[in-house]
Amino acid sequence: MAEQENVRSAQDAPAAGRGKVALVLEGGSFRCQFTAGVLDVLMEQGVTFDACYGVSAGTLCGLSYKSHQIGRANRVNLAFCNDSRYMGSRAIASSGSLVGYDFILYDVQDRIDPFDTATFLANPMPLFATVTDIVFGTAEYLEVKDPILDIDAVRASTSMPLVTPPVELGGRLYLDGGIADSVPVERALEHDGFDRAVVVLTQHRAYQKGPYELMRPARARYGDYPYFLDALETRPERYNAQREHIWAYEQEGRALVVAPPEPVEVGHVERDPEKLLSLYIQGRQEAMRLLAQIRAVAA
């Protein structure tokens, strides 16, 4: 499936006198509780954007943002953080994946905490799910036009290496978008022609990513995909360099960054709802603190 068949050019996004503004959401599994807090405030305050780029769990947050379901992402994480159908042993037993996609997409999305598909479809804001092609080790940005028909793009964006099988789309295999592009602000500003971006990070500003500790099992699992292995191994260096680019965009006035004010103690798999709620509240507080600046960028 060629990239041009999956991505509507952001040049087609709505334009206004202020220029085009993108929302960029970093991933980070349960660390995206911070993102959920930020986005709930933006929804409550009526702040909108011309497009949204999500990575991994940031894509899931983008879904709820586009469907304008205030509080949904936080509710789901708090309700099911200790449920192994959501993430854990029962998910692995049923599907071979640490993440329980069938439980999330059917039990939760259809019945327990229903997703508002009608509002999602009525919202003209394009939502792009960042994915990593495991043959080439490169990022693609797949538009999620329909939360049902395009759900495999969301699954691919959130499919972590080693614990989740690759997702096949159009004969190609994809995994977590953060491997190739953790924070696609360059994609929005340099490739797709947006003038500015609001970037929501899930690590505090002083954070530096260390070496990937699972390269040995990764080499055993993905030995047929050398470019993907290279992307895994070089990700820390590229991620740290990318954050420097983000600070540069911020200095130039092209990006406004919303980041946790202190080191994040929430893990990829987090069972403590108090930690999750605290991080969500931090996101809300940062969004409120920066609300006037966010409005100035997005208005």
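Predicted model: local features only at pLDDT ≥ 70, side-chain atom pairs only at ≥ 80, totals over all residues.
Start with the rings. A pair of aromatic rings is described by the distance of the centres and the angle of the planes. The structure holds nine such aromatic pairs. Take phenylalanine 80 and tyrosine 86 as one of them. Their ring centres lie 6.0 Å apart, and their planes meet at 40°. Stacked planes are under 30 degrees apart and edge-to-face planes over 60, so this pair falls in the remaining class, tilted.

Are these two residues buried or exposed? Buried means under 20% relative accessible area. Phenylalanine 80 has a relative accessibility of 10%, so it counts as buried. Tyrosine 86 has a relative accessible area of 9%, so tyrosine 86 is buried as well. Ring pairs join Phe80 and Tyr86 with Phe30 and Phe103 in a cluster.

Now move to tyrosine 207 and tyrosine 239. These two form an aromatic pair with 6.1 Å from centre to centre. The angle between their planes is 80°, and the pair is edge-to-face. Where do the two partners sit? Tyrosine 207 is in the loop between strand 7 (196-200) and helix 10 (215-221). Tyrosine 239 is in helix 11, which covers residues 226-252. The partners are 32 residues apart in sequence, so the pair ties together separate parts of the chain. Tyrosine 207 and tyrosine 239 are both buried.

Tyrosine 239 has a further neighbour. The charged end of lysine 209 sits over the tyrosine 239 ring, 4.8 Å from the ring centre. Lysine 66 lies over the face of phenylalanine 120, and the distance to the ring centre is 4.6 Å.

Next, the backbone. Histidine 68 has a phi near 55°, which is positive in a residue other than glycine. Histidine 68 lies in the loop between helix 3 (57-66) and helix 4 (72-80). Its relative accessibility is 43%, so histidine 68 counts as partly exposed, between the 20% and 50% cut-offs.

Leucine 162 is not a glycine either, yet its phi is positive, at about 75°.

Definitions and conventions: Residues numbered from 1 in each chain as written. Heavy atoms only, no water. Phe/Tyr/Trp six-rings, centres within 6.5 Å; stacked < 30°, edge-to-face > 60°. Buried < 20%, exposed > 50% of the residue type's maximum accessible area, 1.4 Å probe, protein only. Helix = DSSP H or I, 4+ residues; strand = E, 2+ residues; numbered from the N terminus. Lys NZ or Arg CZ within 6 Å of the ring centre and 35° of its normal.
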